[in-house]
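Try each task before reading its solution.

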Amino acid sequence: MKERIKLFLDENKEKFIGISQEIYKNPEIGNKEYFASNLLGKTLEEYGFEVEYGIGGHETGFIGRKKSTLGPGARIAYLAEYDALPELGHGCGHNIIGAISVGGAIALGELLDEVPGEVVVYGCPAEEGGENGSAKGSYVRENLFDGIDVAMIIHPGSEHSATKNSLAVNPLDFEFFGVSSHAAAAPEHGKNALDALIHFFNGIGTLRQHVPSDVKIHGIITHGGEAPNIIPDYTKGRFFLRASTKEGCDALTEKVIRIAEGAALMNDCTVKVSNFQNRVDNLKPVKYFDEIYGEVMEELGIKINKNSKRGFGSTDVGNVSHVVPTIHPTIKICEENVCGHTVEFLEASGSPRGDEGVILGSKALGILGLKILREENILENIKREFKRLG
């Protein structure tokens, strides 16, 4: 059956590489991925999946399901991403991710007449964030992963690696409200919202020396006033607050909000704090799950790095990993000196090495899904370790 998965993907490699290339050539930012969502969903329908579109508050999200004719068994989830970066396009390789997840799911789905279980593909918009971004956070909140046994996704990168740790992130807008006035003729009547925002930035700068090394804070001013001779009555800053765990991120958020409140108070202003997209949780790797993935990759001729020290940012796959055992390994499509969100990685995502990654990754996820469906002890061990992680 493993050989049949590999044969299916080899015989249909032009189709799945073509999907990756079409998405690559038509980049769409988060929650605007109409072309990619339709292409992936219709491809799943072509192979017998029932697809529901517009899920979890995301118009370009979908769930595709295919059940075995032999009855219930393990329910395997494949996470497909397909959003691009603003201006840069697919500089994070999500065209490859979408093609891998759909390719692996379809290859496994072709065997469901012979093995019990269900294959489920989640179309996940806006992994890169933005307004109403990080759709997997919405899916978790809406309990769309209830009943799923494991979830899988492969991300392209500069090495073959096991699932890495990632950072939790709280994406927040800070809006300061004051009173406008003529800056020269009547400054005493104004309440300067820009001063409040600047004090807020300075307060965060002071905080940085009193936080753990895993904490990262980055922000920008999105609105700083209208004209220098008008005391600003409204300003806005947008921030990412990151930490290695969601608990640490919560503690950081409380401190930063207090700084914002203090900055507003110093300038007789008020402040409003709000999330501009879903919160993102840290990844919780299940080592045994990654070990089985590593065995599959070795069968395919690839040895993975189980202890990569390369840095990793944040991903809403982390939200899924808190409710379902999840893997998020990387597959090599470029040299080690190339990192994501760059022009160089953009070029790699549309290169022949990227195309090879589509088929290799699809084979890995298809075979891994088959092992979980057929070998009950694997799923039992994955769930046992996941439960211990808490």
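## Exercises on ring pairs

Tyrosine 122 is buried, at a relative accessible area of 0%. Keep in mind that the model is predicted.

**Exercise 1.** Classify the pair of tyrosine 122 and phenylalanine 145 by its ring geometry.

*Solution.* 
- Step 1: The ring centres are 4.3 Å apart, and pairing requires centres within 6.5 Å.
- Step 2: The planes make an angle of 25°; under 30 degrees counts as stacked, so this pair is stacked.
- Step 3: Now place the rings. Tyrosine 122 belongs to strand S4 (residues 118–124), while phenylalanine 145 is in the loop between helix H5 (135–141) and strand S5 (150–152). The two are 23 residues apart, so the pair links distant parts of the chain.
- Step 4: Phenylalanine 145 has 5% relative accessibility and is buried, because the cut-off is under 20%.

**Exercise 2.** Classify the pair of phenylalanine 240 and phenylalanine 276, then say which parts of the chain it ties together.

*Solution.* 
- Step 1: The centres lie 5.9 Å apart and the planes meet at 25°, so the pair is stacked.
- Step 2: Phenylalanine 240 sits in strand S9 (residues 234–243). Phenylalanine 276 sits in the loop between strand S10 (270–275) and helix H8 (287–299). The pair therefore ties together parts 36 residues apart in sequence.
- Step 3: Phenylalanine 240 is partly exposed at 25%, whereas phenylalanine 276 is buried at 8%.

**Exercise 3.** Which charged end sits over the ring of phenylalanine 276?

*Solution.* That of arginine 238, 3.8 Å from the ring centre.

**Exercise 4.** How many aromatic pairs does the structure hold?

*Solution.* There are 14. Ring pairs also join Phe174, Phe176, Phe200, Phe201 and Phe239 into a cluster.

Terms used: Residues numbered from 1 in each chain as written. Predicted model: local features only at pLDDT ≥ 70, side-chain atom pairs only at ≥ 80, totals over all residues. Heavy atoms only, no water. Phe/Tyr/Trp six-rings, centres within 6.5 Å; stacked < 30°, edge-to-face > 60°. Helix = DSSP H or I, 4+ residues; strand = E, 2+ residues; numbered from the N terminus. Buried < 20%, exposed > 50% of the residue type's maximum accessible area, 1.4 Å probe, protein only. Lys NZ or Arg CZ within 6 Å of the ring centre and 35° of its normal.
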